[in-house]
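Subject: Structure for your review

Dear colleague,

Please find below the structure that I am handing over to you, followed by an account of what was found in it.

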Amino acid sequence: MTKLNSIEKKRILLKDATDVNEPMIQEFIFSNPYVLWLWELTPLTRELQQPSWGRLDIYMWNDSWQRYEIEIQLWDTDPSHIIRTIEYRDNERKRYPNYDHCAVIIAENITWRFMNVISLFNWHIPLIAIKMSAFQTWEWYDIVFEKILDRVTTWNEDEDILEVTDRSYREKKSNKKMLEFTDYMFNELSEFTELYSLKYNKFYIWLSKDWKTNNFISFKPKKNRVYLNIKAEDTDENRKLLDNAWFDYDYNPLWWRHHYEIKLNDKKEFDQEKEIIINLIKQANIFDE
């Protein structure tokens with residue numbers, strides 16, 4: 001008979017732990033960015049000096065042209081912590097305007113009062129709140145990070161439809177190779193796309209027919225990969241299929257643009273997982289919108 005063993009863990013407050021301090025937590029996150037569960041982050045620097053005053057705790061980025069300004073607070077969030085994080089994000093946005101910047105607040109306790117305040121900011125400023133919990137097991141500390149507020153985007157499909165671009169614009173934003181890869185996928189999915197042509201907008205490449213746009217699937221070419229977006233419901237069955245695939249993926253749950261975002265690096269990866277992709281597309285609403 002299998003025996004189970006329970007290891008007693010005691011919840012602690014890091015601010016009260018005499019042998020733990022904020023620089024140690026910074027170093028832990030910086031060396032292990034995956035613990036934040038914020039996609040594929042690459043550390044840039046720590047304690048980045050700001051133009052006016054203060055230092056940004058942690059600076060990270062991913063290959064989707066996104067940068068994350070991360071501030072850590074032991075115990076409760078407070079007004080100065082929120083304002084400081086937003087200000088640092090704004091400083092870096094001005095320094096590097098070609099990137100998508102997002103402020104990240106990490107604290108042991110994010111009260112409902114400040115959750116409401118942060119939520120209000122989130123409609124205007126990309127911001128993520130992460131709760132940090134610590135447990136002690138003998139001489140070890142286990143730290144768990146839980147995202148309790150995700151960024152909200154005010155992205156509007158109608159605005160993107162109106163802001164039409166062309167292939168040369170997309171080529172400058174990504175490159176010729178990734179556009180050719182997009183063409184390849186478009187042609188390989190001809191059972192769904194044969195009645196459509198590609199329409200180039202500021203942020204995405206959508207499908208167009210008779211001057212109408214349909215975004216049951218869309219493409220977003222980047223420098224080193226193409227994001228294939230499929231408007232399908234997030235189900236356990238779909239997750240099981242996708243978790244066994246070679247590619248990475250995310251799911252955007254916002255009701256007006258809910259979709260799977262599949263990250264594909266090349267034709268070989270697409271061909272290998274084509275059956276899974278087709279299965280998802282069959283669930284999408286393919287009727288003209």
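Trp 75 has its place in strand β4 (residues 66–76); helices (H or I, at least four residues) and strands (E, at least two) are DSSP runs, numbered from the N terminus. The phi of Trp 75 is near 70 degrees, which is a positive value in a residue other than glycine. Most residues other than glycine have a negative phi. With a relative accessible area of 29%, Trp 75 is partly exposed; buried means under 20% relative accessible area, exposed over 50%, and partly exposed in between (1.4 Å probe, protein chains only).

Please note that this is a predicted model, in which local features need pLDDT of at least 70 and side-chain atom pairs count only at pLDDT 80 or more, whereas totals for chains, interfaces and linings use all residues. Residues are numbered from 1 along each chain as its sequence is written, and side-chain values use heavy atoms, with hydrogens and water left out.

The chain as a whole

The chain holds ten helices and 13 strands. Of its 289 residues, 46% count as buried. Among contacts (heavy atoms within 4.5 Å) between residues at least 6 apart in sequence, 61% join residues at least 24 apart.

Ala 17 lies in the loop between β1 (10–12) and α1 (22–31). This residue is buried, at a relative accessible area of 12%. Not counting residues up to four places away in sequence, Ala 17 touches Ile 12 and Tyr 141. Trp 37 belongs to the loop between α1 and β2 (42–49) and counts as exposed, at 66% relative accessibility. Its phi is also positive, near 60 degrees.

Strands β6 and β7

Strand β6 (residues 127–137) runs antiparallel to strand β7 (residues 140–149), and nine bridges join them; two strands pair if DSSP finds at least two bridges between them. Ser 133 has Val 144 in β7 as its bridge partner. The two strands form a hairpin with two residues between them, and Trp 138 in the turn has a positive phi of about 55 degrees. His 124 is found in the loop between α3 (112–122) and β6, and counts as exposed at 71% relative accessibility. His 124 and Arg 151 are 27 residues apart in sequence, while their C-alpha atoms are 10.0 Å apart in space.

Helix α6

Helix α6 (residues 176–188) has 13 residues, which at 1.5 Å a residue should span 18 Å; its end C-alpha atoms are 18 Å apart, in agreement. The expected span is 1.5 Å times one less than the number of residues. The buried residues of α6 are Met 178, Leu 179, Phe 181, Thr 182, Met 185 and Phe 186. Seen down the helix axis, these buried residues fall within an arc of 155 degrees, so they line one face of α6; the arc is that of the directions from the axis to the C-beta atoms. The face turned away from the buried side carries the exposed residues Lys 176 and Lys 177.

β8 and β9 form a hairpin with four residues between them. They run antiparallel and are joined by four bridges; Ser 197 stands opposite Ser 208 in β9, and Lys 199 has Trp 206 as its bridge partner in β9. β9 also pairs with β10 in the antiparallel sense, over four bridges, and the bridge partner of Lys 209 in β10 is Lys 212. Four of the five residues of β9 are buried.

The nonpolar cores

A nonpolar core is a set of buried Ala, Val, Leu, Ile, Met, Phe, Trp, Tyr and Cys residues joined through side-chain atoms within 4.5 Å. The largest one has 34 residues, and those with the most contacts inside it are Phe 219, Ile 230, Ile 262, Leu 264 and Ile 277. Among the elements that give two or more residues to this core are α6, β8 (197–200), β9 (205–209), β10 (212–221) and α10 (274–283). A second, separate core of 23 residues includes Leu 38, Cys 102, Ile 128 and Phe 145.

Yours sincerely
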